[in-house]
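This report is meant for a reader meeting the structure for the first time. It begins with the chain as a whole and then turns to a few of its parts.

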Amino acid sequence: MPYESGTVWQYDVPTTGSTHLPPDAGYAKALTNQGYGFEVAVADLIDNSIDAGADEIVVHFLRDADRILTLLIIDNGRGMDDSHLDAAMTVGRRREYGESALGLYGTGLKAASLSHASSLTVVSRTKRSRAAGRRLTAEGIEDGFRCDTVDPLYAQVLVDRYDGIIEWHGTVVRWDRVRAFETVTRGQSDLFLSKAISRLETHLGLYLHRFLQRGLKVDIAVWDVSSGKGELGEEVDHIAVEALDPFGYKVPGKAGYPRKFTTPVEGLGDIQLTAHIWPAKSKRAGFRQIGALADRQGFYFYRNDRLVQAGGWNGLRNPESHLVLARVAVDLPSRENSVLSLDVKKETVTVTPAFTLGVEKAVDPDGHTFHSFLNDAETAYRDGAKRTEIIRKSVTPPGKGLDPKIKRVIKEELPEKPGEEPIAFTWGSLPNGRFFDLDRENNTILLNQAFREDFNDGKRGGSNDAPVTKTLLYLLLEDCFGLGRWERARQDRLDYWNTILLASVGAQRERRERSAS
């Protein structure tokens, strides 16, 4: 019916027709500036791997001596054939997701990748199709959304290089011309990678903790292609991502917790809230190592077991120091709704007043209110503040070469000196009379390569090998770094420690040789 003007309010805007307006090629600039943090972007790609059924995923940094080249994410999921690759690389294409999928909007692969890299390559293989690949670049999008077909021979070679992960099916996502890598100055690549990997490990360990606890394997590795050892060079760092459970305390901060509250939300129905109170002054990684405590109080929203918001009260109240022990797990409904909505980067949930009003009315089966939970959390905090605590000496943190599990425990037990470069471990050539030496300028403990096999059952070992030996050396030598004047007495101590340790490694070698004969 034609529109006729009048005094009555028009609830629907009248229209006279439609025009299809395809995106302009200039959309590339918007696509590459979506605000993805590095860790958030990588996590988004790993979501795709999980949706593809992968149970083994590797985040792989490639470097060429002091230059960081490429980032790759490899998985053993179902893989994609040519038609599915074309669909995955189509900008703006909407795909259908199952209710249990982690994917939501269909833009993550392109938006997350091109927010950090100017070139995105995806190579994949299924049980029934050969290896195939597509490459999407910022320049290609500006050139009418052009997508390049990867040479099939290279696609096969790339898949074969990762045959330890991709046996019959899987996918490799490759980022080239990564903007952050290109800004790393000469001599700073080790420091950059150390910090980037630490942040990535924490983010993945937290946001994917339920999957990791169920057996998902996620590794982060660094290979140096300049070494000339093997097709991908030499592995110089490798860590297995461990779950960081934000509710992983052994004993709650108050008896009777966690408690399950039922929250009536208008337009959505009842939602379950699981309220937790951490023990005061806990040193566990899931409490202290996932960010500032003030930021980590509040709601932890999950979508299909994937954490999508880690803390924050979403307008219910402001963060307060006496509520740092209060955390609430909320599983989002699988169906779309207008009350709880997730942002495209999957790190923030937007709520309407219907949710916060419902939380105010929440009760548990015994009649406890949500307000009583907040009071209990505050009481636990104040009671804990009254208890005296032994202050332990701050230490320079351990770095590359020590197993991440050990680094995490050290971080739980000992406060870190702020601003200190971590102490790294490396094997190298040392005089026969030295088991170890110190490179104080580069914060490195040097171990004599001649004895490496003695601590690895006669094998070469990996980058995080000999964990007991390295940990004991760290505890002995940590206070030798960050000093001004080097004292003769301290050098004398290092000399006699070397003599004693050389005797011990000699005894260990004799035992190993006798058992082998």
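## The chain as a whole

In this predicted model, the secondary structure of the chain comes to 16 helices and 18 strands. The C-alpha atoms fill a box of roughly 100 × 65 × 45 Å when it is taken along the principal axes, and of the 517 residues in the chain, 46% are buried. Among contacts with a separation of 6 or more, 67% are made by residues 24 or more positions apart.

The chain exposes about 26,600 Å², and 50% of this area is supplied by carbon and sulfur atoms. Its side chains include 68 positive and 73 negative ones, with the centres of the two sets lying 4 Å apart.

## Strand 13 and its partners

Strand 10 also pairs with strand 13, in the antiparallel sense and over 5 bridges, and here Thr274 stands opposite Ala329 of strand 13. Strand 13 is joined to strand 11 as well, by 5 bridges, but these two strands run parallel, with Phe301 standing opposite Val330 of strand 13. Because 5 of its 6 residues are buried, strand 13 is largely enclosed by the rest of the structure.

## Helix 13 and its cover

Helix 13 spans residues 370–386, and its 17 residues reach 25 Å from the first C-alpha to the last, close to the 24 Å expected at 1.5 Å a residue. Its buried residues are Phe370, Ser372, Phe373, Leu374, Asp376, Ala377, Ala380 and Gly384. The elements that cover these buried residues include strand 9, strand 10, strand 11 (298–303), strand 13 (326–331) and helix 12 (353–360).

Asn498 has its place in helix 16, which covers residues 488–516. With a relative accessible area of 0%, Asn498 is buried, and when its neighbours within four places in sequence are left aside, it is in contact with Arg434, Phe435 and Phe436.

## Backbone exceptions

Most residues other than glycine have a negative phi, and most peptide bonds are trans. Against that background, a cis peptide bond joins Tyr257 and Pro258, with omega at about 10°; Pro258 is found in the loop between strand 8 (234–240) and strand 9.

Arg177, a residue other than glycine, has a positive phi near 55° and is found in strand 6, which covers residues 170–178. At 35% relative accessibility, Arg177 counts as partly exposed. Asn304 is likewise not a glycine and has a positive phi of about 50°, but its place is in the loop between strand 11 and strand 12 (306–310), where Asn304 is partly exposed with a relative accessible area of 23%.

Notes: Residues are numbered from 1 along each chain as its sequence is written. This is a predicted model: local features need pLDDT of at least 70, side-chain atom pairs count only at pLDDT 80 or more; totals for chains, interfaces and linings use all residues. Side-chain values use heavy atoms; hydrogens and water are left out. Helices (H or I, at least four residues) and strands (E, at least two) are DSSP runs, numbered from the N terminus. Buried means under 20% relative accessible area, exposed over 50%, partly exposed in between (1.4 Å probe, protein chains only). Contact means heavy atoms within 4.5 Å. Accessible areas come from the Shrake-Rupley method with a 1.4 Å probe; for residues, only the protein chains shown count as cover. Lys and Arg count as positive and Asp and Glu as negative; His and the chain ends are not counted. The place of a charge is taken as NZ of Lys, CZ of Arg, CG of Asp or CD of Glu. The expected span of a helix is 1.5 Å times one less than its number of residues. Two strands pair if DSSP finds at least two bridges between them.
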